[in-house]
Each structure stands twice: as C-alpha cells, then as structure tokens.
Amino acid sequence: MSGRQRRERASSRAPRTNAPLRAPEPTGLAARPNPARIAVYAGLVLLGAVVGVAGTLVQAALFPGGLILALVASAGLFYGGRVVTGTQLGALAPAVGWFVVVVLLLGGRPEGDYVFGDAVGLALFMLGTMAVAVMCATMSRLPYPANDTRPPGT
C-alpha cells in the first residue's frame with residue numbers, strides 16, 4: 001500500500017462504517033421528560049411547602065432561636081435539593097413550594113388572624129430564606145471531595 005492510499009484511508013472524509021447517521025439526542029428542555037426526575041422535583045416542592053409552614057410557625061413562636069432554626073432548615077433543604085439533583089432547578093423547586101406557602105400564609109384570614117409574629121421576624125425570615133434560595137441556586141458548581149480522583153468535567 002502506498003503512502004497516498006494510506007493517507008486517503010486515514011482521512012476524516014472517508015466513512016469508517018456503513019451505519020446510517022443518527023440525529024443527536026436532544027438535551028435540556030427539548031429532552032424527553034424523565035418520570036423519576038419529575039417525581040423528585042415534585043417531592044422537593046412538597047418538602048419546601050412543609051418547611052415553609054414549619055418555619056413560619058417556629059420563627060413566630062420562638063423569635064431569635066426559631067428564626068435561626070427556620071433559616072438553617074430552609075438552607076439545608078435548598079442545598080440538599082441542589083446536591084441530590086445536581087441542577088439549579090433542584091434548589092429552586094423547594095424554594096417555589098416554600099414561597100407559595102409563605103405567601104398564602106401572609107394573606108391572613110377575614111377575622112384578622114395573622115400567622116406571623118412581629119414585623120422584624122417576618123422580614124428577616126422572608127428576606128433571609130429568599131437570599132439562601134438564590135445563593136443555593138446560583139452556585140457555580142458543586143464541590144467535589146478532596147480525595148476525588150476523577151478528572152475535572154467528568
């Protein structure tokens with residue numbers, strides 16, 4: 001075999017197989033929905049609602065310690081959702097559940113009853129939890145353990 005024939009065979013223009021070309025699999029929002037992933041996100045929304053109700057009651061009942069406990073629970077849920085799913089939506093799903101419940105509880109009742117305590121605790125609870133949700137959702141990437149031997153990007 002001459003040098004020219006070898007170069008022609010090794011060139012990228014020559015097909016290696018006779019397999020038909022396939023379209024690449026869609027990614028992101030164009031990909032087929034995964035029922036397991038949908039169930040995880042729905043569960044995270046439900047957990048966010050539960051943490052929202054519990055945080056509302058705890059921060060109003062035990063002002064300084066309850067507020068810290070509610071913020072830590074929210075942060076743990078948002079960060080945990082981010083780690084479990086590996087996506088930003090994993091942190092935003094529980095934040096949506098939390099937000100819907102807290103807004104509904106802010107409305108009060110026609111009798112004038114109000115779930116939240118003083119205005120300072122309410123402001124710190126709402127702004128603090130929203131800030132934690134934004135921080136967890138906008139993290140650049142998840143940290144890997146120090147003993148992880150995988151190359152970056154895998």
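**A close look at one residue**

Mentor: Leaving aside residues up to four places away in sequence, Gln 88 touches Arg 82, Ala 137, Thr 138 and Met 139; contact here means heavy atoms within 4.5 Å. This is a predicted model, in which local features need pLDDT of at least 70 and side-chain atom pairs count only at pLDDT 80 or more, while totals for chains, interfaces and linings use all residues. Residues are numbered from 1 along each chain as its sequence is written, and side-chain values use heavy atoms, with hydrogens and water left out.

Gln 88 sits in the loop between helix 3 (63-85) and helix 4 (89-106). Helices are DSSP runs of H or I with at least four residues, strands are runs of E with at least two, and both are numbered from the N terminus. Gln 88 counts as partly exposed because its relative accessible area is 43%; buried means under 20%, exposed over 50%, and partly exposed in between, with a 1.4 Å probe and protein chains only.

One of the residues it touches, Ala 137, is 49 residues away along the chain, yet the two C-alpha atoms are separated by 4.9 Å. The side chain of Gln 88 also reaches the backbone oxygen of Ala 137, at 3.1 Å. That is a polar contact, a pair of N or O atoms within 3.5 Å; within protein, one must be able to donate a hydrogen and the other to accept it, and residues adjacent in sequence count only if both atoms are side-chain atoms.

Two packed helices are described by the angle between their axes and the distance between the axes. For helix 3 and helix 4, the axes come within 6 Å and cross at roughly 145 degrees. Axes are lines fitted to C-alpha atoms, for helices over the stretch in contact, and the angles run from 0 to 180 degrees between N-to-C directions. The crossing is right-handed, where right-handed means that the near helix is turned clockwise from the far one by less than a right angle, and left-handed anticlockwise.

On the helix 3 side, the meeting residues are Ser 74, Leu 77, Phe 78, Gly 81, Arg 82 and Thr 85; on the helix 4 side, they are Gly 90, Ala 91, Pro 94, Ala 95 and Trp 98. By class, this contact has six nonpolar, four polar and one charged residues. Ala, Val, Leu, Ile, Met, Phe, Trp, Tyr, Cys and Pro count as nonpolar, Asp, Glu, Lys and Arg as charged, and the others, Gly among them, as polar. Arg 82 belongs to this helix contact and is also touched by Gln 88.

Phe 78 and Trp 98 turn up again in the largest nonpolar core, which has 14 residues; together with Val 102, Phe 125, Met 126 and Cys 136 they touch the most other members. A nonpolar core is a set of buried Ala, Val, Leu, Ile, Met, Phe, Trp, Tyr and Cys residues joined through side-chain atoms within 4.5 Å. A second, separate core of five residues includes Tyr 41, Val 51, Leu 77 and Ala 93.

Ala 70, in helix 3, is buried, since its relative accessible area is 4%. Its contacts beyond four places in sequence are Gly 55, Gln 59 and Phe 125, and its C-alpha atom is 7.7 Å from that of Phe 125, 55 residues along the chain. Val 72, also in helix 3, is exposed, with a relative accessible area of 53%. Val 72 and Thr 129 are 8.9 Å apart, C-alpha to C-alpha, and 57 residues apart in sequence.

As for the whole, the protein has five helices and zero strands. Of its 154 residues, 25% count as buried. Among contacts between residues at least 6 apart in sequence, 73% join residues at least 24 apart.
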